[in-house]
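Me: I would like to learn how to read a structure, feature by feature. Where do we begin?

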Amino acid sequence: MRQDQQFLTSLVSEAVARDCAEMPERAGAADAAYVPLHAAVLLLDIAGFTPMTERFEGMGPDGVEQLTGTLNRHFGRMIDQILDSGGEIDKLIGDALLAYWVASDVRDLPRAVRRAASAAAELQDDLSDARLGDGSRLSLHATIAAGPVQRVYVGGHEGHRLQFLAGAPLVSLRSLPAGAKPGEIVLDAMAADCVETVWPLRRLPGGNACLSVTHVMTAAAKSSIGSKRAEAGPTPAPPQDPAMLERFFHRALRGQIATGQGAWLAELRQLTTAFVSLDAVFGGPGGDLAMLQARVLAIQAIVHDFGGAVQSLTVDDKGTVLMAAFGLPMLSHEDDAVRAVAAMHRVAGLFDRSAPKVDAPDIADAARRGDWTVQPVGRGVGIGTGTMFCGFLGNDRWRSFSV
């Protein structure tokens, strides 16, 4: 039984849905493509996520249900605030939410930054009073960067497309220096310059700055900034073809949706995740997009061959990073950790000429024997195994299958 249209639509952002409808030759094609934008990019990071997960883990199935409810309340509040203020949601990255506000051109960036800062301030103010069932608190760290970005579409192995944001602001978000005090939002130099005449800033080295939530909230009380959906915000996406939307679902997710289980499954399960740092970073029109496409397709094929799924692509200060997962629902095997090691050896051999030239079956056999003295996987590849949250997070407006 298939999920209803609303559920399918909520798994793809309105921006991606619009691209699919208005420019299917970019979003849904087999080749790589990008959409150039100017935007203010916001990263909302929940502090205290890991200890909270560990506490709920010890409570068994009831703990998973409570954990899912807690996360959905907090992420649902973030989603509503972002969308109501004219923003777009890109993706969940672990315990962080990445969103952006599109400017019509570079001269419109100050408006986009104001919208992003107002949304971040509202959310930080809300969460400051929030308590979990055991009395503990979560805190929210917010960082904003501004400038030219690209909405990039790559991949396509077995019909699975990947979308991610690229550009200098994405690198800035992860590389901004520490120094924010409680109740402050960190801005990169470009974002700070955009709002320095609107709110008082506490400047940091390199032109970056901290912005007080109190200053933003006081100004918002006197104006309409952030109080309702921006008039110049994105228009809703038109009705979508489910087949087009499903191109952005990996095969584990497709399997859950096909059986009608997607909306209800959330669990703490043993997973192995693998991260590949691609040394062909796409930074815009001058980036080698064709090479990135070739590498993503190759990794998708290898990960699929070993029974895993490519979960996401992100850009940060470490470059373009691809995440794959082994042991997902509908794709679970007793030897998922072994499969991940074998797959990443093969991936490393594609890109790193100094990587050990060991056949993947030999690596797998050694791992099954408990011989973990095999040669290292290679540069730019990391693997980890553990108990992880796995399920859908968000609300009816936007949700993500999260690991």
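Reply: Begin with F401. With a relative accessibility of 6%, F401 counts as buried, a word used for under 20% relative accessible area, while exposed means over 50% and partly exposed lies in between (1.4 Å probe, protein chains only). The model is predicted, so local features need pLDDT of at least 70 and side-chain atom pairs count only at pLDDT 80 or more, while totals for chains, interfaces and linings use all residues. Residues are numbered from 1 along each chain as its sequence is written, and side-chain values use heavy atoms, with hydrogens and water left out.

Me: How many aromatic pairs are there?

Reply: Rings of Phe, Tyr and Trp (its six-membered ring) pair if their centres lie within 6.5 Å; planes under 30 degrees apart are stacked, over 60 edge-to-face, and the rest tilted. By this rule there are three aromatic pairs. One of them joins F7 and F392, edge-to-face, with 5.4 Å centre to centre and 65° between the planes.

Me: Which parts does the pair of F7 and F392 tie together?

Reply: Helices (H or I, at least four residues) and strands (E, at least two) are DSSP runs, numbered from the N terminus. F7 lies in helix α1 (residues 5-10) and F392 in strand β12 (residues 381-394), so the pair ties together parts 385 residues apart in sequence. F392 also pairs with F401: the ring centres are 5.3 Å apart and the planes at 70°, so this pair is edge-to-face. F7 is buried at 5% relative accessibility, and F392 is buried at 7%.

Me: How many salt bridges does the structure hold?

Reply: A salt bridge is a side-chain nitrogen of Lys or Arg within 4 Å of a carboxyl oxygen of Asp or Glu. The structure holds 14 salt bridges. In one of them, R203 meets D193, with the closest N and O atoms 3.1 Å apart. This pair links distant parts of the chain, ten residues apart: R203 is in strand β7 (residues 201-203) and D193 in helix α8 (residues 189-195). R203 is partly exposed at 37% relative accessibility, and D193 is partly exposed at 45%.

Me: Are the partners D396 and R399 buried or partly exposed?

Reply: Their side chains meet in a salt bridge at 2.9 Å, N to O. D396 is partly exposed, at 47% relative accessible area, whereas R399 is buried at 13%. Salt bridges that share partners also join D80, D84 and R397 into one network.

Me: What does R161 reach with its side chain?

Reply: For charge, Lys and Arg count as positive and Asp and Glu as negative; His and the chain ends are not counted. R161, in strand β5 (residues 161-166), is buried yet has no salt bridge, the nearest side chain of opposite charge being D31, 6.9 Å away. A polar contact is a pair of N or O atoms within 3.5 Å; within protein, one must be able to donate a hydrogen and the other to accept it, and residues adjacent in sequence count only if both atoms are side-chain atoms. The R161 side chain reaches the backbone oxygen of G155 at 2.9 Å.

Me: How many residues of helix α6 are buried?

Reply: In α6, 15 of the 19 residues are buried, so this helix is largely enclosed by the rest of the structure.
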